[in-house]
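Here's a quick tour of one protein model and its ligand, written for someone who likes to click along in a viewer. Have a look at the structure first, then read on.

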Amino acid sequence: MKAELYIGLMSGTSMDGIDAVLARFGGPAGELIGHSSMPWPREIKGRLRALTLPGDDEIERLGPLDIEVADAFAETIHALLRQTGIRANQVRAVGSHGQTVRHRPNSTPPFTLQIGDPNRIAELTGIDVVADFRRRDIAAGGQGAPLVPAYHAVAFSHPSEQRFILNIGGIANITRLPGGGPDRVSGYDTGPGNTLLNHWAGEWLGTPYDADGAWAATGKINEELLEKMLEEPYFTQPAPKSTGPEQFSPGWLERHLDAFSLPPQEVQATLTALTAESIARAIAGEKADPCRVVACGGGVFNRELMRQLRRRLAPNPVDTTADHGMDPSRVEAMAFAWLARQTLLGLPGNLPAVTGASHPVVLGGIYPSARQRLV
Ligand SMILES: Nc1ncnc2c1ncn2[C@@H]1O[C@H](COP(=O)(O)OP(=O)(O)O)[C@@H](O)[C@H]1O
Ligand SMILES: [Mg+2]
């Protein structure tokens, strides 16, 4: 098989920025050969965040943002091409996740919306774009999320060891990989990852996140608040399930905090415990011991969170994907490069056992570029 280059483009619910990877696929898993990241300009981030909650004039606000987000995606792709010395016509396609502004898999009818106009990305980069992956899974009766488990299975399965791939983005999700092959893979969103931690750090420190979890480490976990928050029905709801920052929102946190009067660092410590404990309970609920947990996503850089996770998951080991050959910050973008390739090969990208879709389906729409490719 001739090796092909794909670009994966991811911007998750943390809204920290855009991650782009260049991946070479000579075999199914692909190899990471370059990456580029760009933080969201503060102004765009504010408008994106505002759009994640219902408000006035949504279409008027969404229309231009859809284009500006695409422009930022294209800029990130151009930076990646410059850094890697690869020309646009050498790249088979871009897999663009888009920026989620609303994810309502349980409303009637369910819907999900990612923006960053793929037409514009194709026009500006001269590369074919595959985008809008989630809506096809929803149309097939699924949650539209998580979509990364199929890639996790290809990239991180072990022949005999049972593994959980844990992605700690704004929301956290797990993929269960029973040893021995890609069958019987399951997974779902466990609940908040960094989203509430970032919100609280923003309120009190004025920073986008609690760097290394250092502030949380100065606070005491309030067990009563932790237990109250863990009563949220989402945590015990059976899979398939997915969630977003609309559910685990600043308003959700405020409602819980009403009954408490705590120093802010205790709240941060307790929110860190909420992420760790909800993940640990989800994994324990799978009754899969012994297992290895392999973590990725920006949450792995939060030392306090990782310390709490290790304590709560012991004696099962908690690694990061860096221990298995992949930078934890690149895994999701790699998954979208892989998903784009699946689409162009006419292969499904969803796992019905994960999303609840009625069948496996080829995901996304294809937006051809105007330029000729090198073949
Ligand atoms: N050094 C760090 N200390 C604590 N948290 C970090 C650090 N680096 C990244 N993060 C967290 O990771 C998040 C980004 O993770 P990412 O995987 O990109 O999430 P998403 O997919 O939602 O965009 C940041 O918003 C922040 O919460
Ligand atoms: Mg991110």
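## The loop between α9 and β10

Proline 290 sits in the loop that runs between α9 (264-285) and β10 (292-296). Bear in mind throughout that this is a predicted model. The bond between aspartate 289 and proline 290 is a cis peptide, with omega at about -5 degrees.

Lysine 287 belongs to the loop between α9 and β10 as well. Its phi is near 45 degrees, which is a positive value in a residue other than glycine. Is lysine 287 buried or exposed? With a relative accessibility of 70%, lysine 287 counts as exposed, because the cut-off for that label is over 50%.

For context, most residues other than glycine have a negative phi, and most peptide bonds are trans.

## Another cis proline

Now for the loop between α7 (223-230) and α8 (250-257), where you'll find proline 240. The peptide bond leading from alanine 239 into proline 240 is cis, and omega is near 0 degrees.

## Strand β1 and its partners

On to β1, which covers residues 4-11: 7 of its 8 residues are buried, so the rest of the structure largely encloses this strand. One partner is β2 (residues 17-25), paired with β1 in the antiparallel sense over 7 bridges. If you want a pair to click on, leucine 9 has alanine 20 in β2 as its bridge partner. Another partner is β4 (residues 91-104), which runs parallel to β1 and pairs with it over 6 bridges. Here serine 11 is bridged to glutamine 99 in β4.

The β1-β2 hairpin has 5 residues between the strands, and methionine 15 is in that loop. Phi of methionine 15 is near 55 degrees, again a positive value in a residue other than glycine. At 2% relative accessibility, methionine 15 counts as buried, since that label applies to anything under 20%.

## Around ligand 1

Which residues come nearest to ligand 1? Of the 18 residues around it, those are Ser14, Gly170, Asn198, Asp212 and Gly298.

An oxygen of ligand 1 lies 2.9 Å from a side-chain N or O atom of aspartate 16. A nitrogen of ligand 1 is 2.7 Å from a polar backbone atom of aspartate 212. There's also an oxygen of ligand 1 at 3.2 Å from a side-chain N or O atom of glutamate 332.

## Asparagine 350

Last stop: asparagine 350, in the loop between α11 (331-344) and α12 (352-355). Its relative accessible area is 3%, so asparagine 350 is buried, the cut-off being under 20%.

What does the side chain of asparagine 350 reach at 3.2 Å? That would be the backbone oxygen of histidine 359. A polar contact of 2.8 Å also links the side chain of asparagine 350 to the side chain of aspartate 137. Setting aside neighbours within four places in sequence, the residues in contact with asparagine 350 are Asp137, Leu147, Thr355, Ala357, His359, Pro360, Val361 and Leu363.

Note on methods
Residues numbered from 1 in each chain as written. Chains lettered and ligands numbered in written order. Predicted model: local features only at pLDDT ≥ 70, side-chain atom pairs only at ≥ 80, totals over all residues. Heavy atoms only, no water. Helix = DSSP H or I, 4+ residues; strand = E, 2+ residues; numbered from the N terminus. Buried < 20%, exposed > 50% of the residue type's maximum accessible area, 1.4 Å probe, protein only. Polar contact = N/O pair within 3.5 Å; in protein donor to acceptor, adjacent residues only side chain to side chain. Contact = heavy atoms within 4.5 Å. Pairing = 2+ DSSP bridges. Near = heavy atom within 4 Å.
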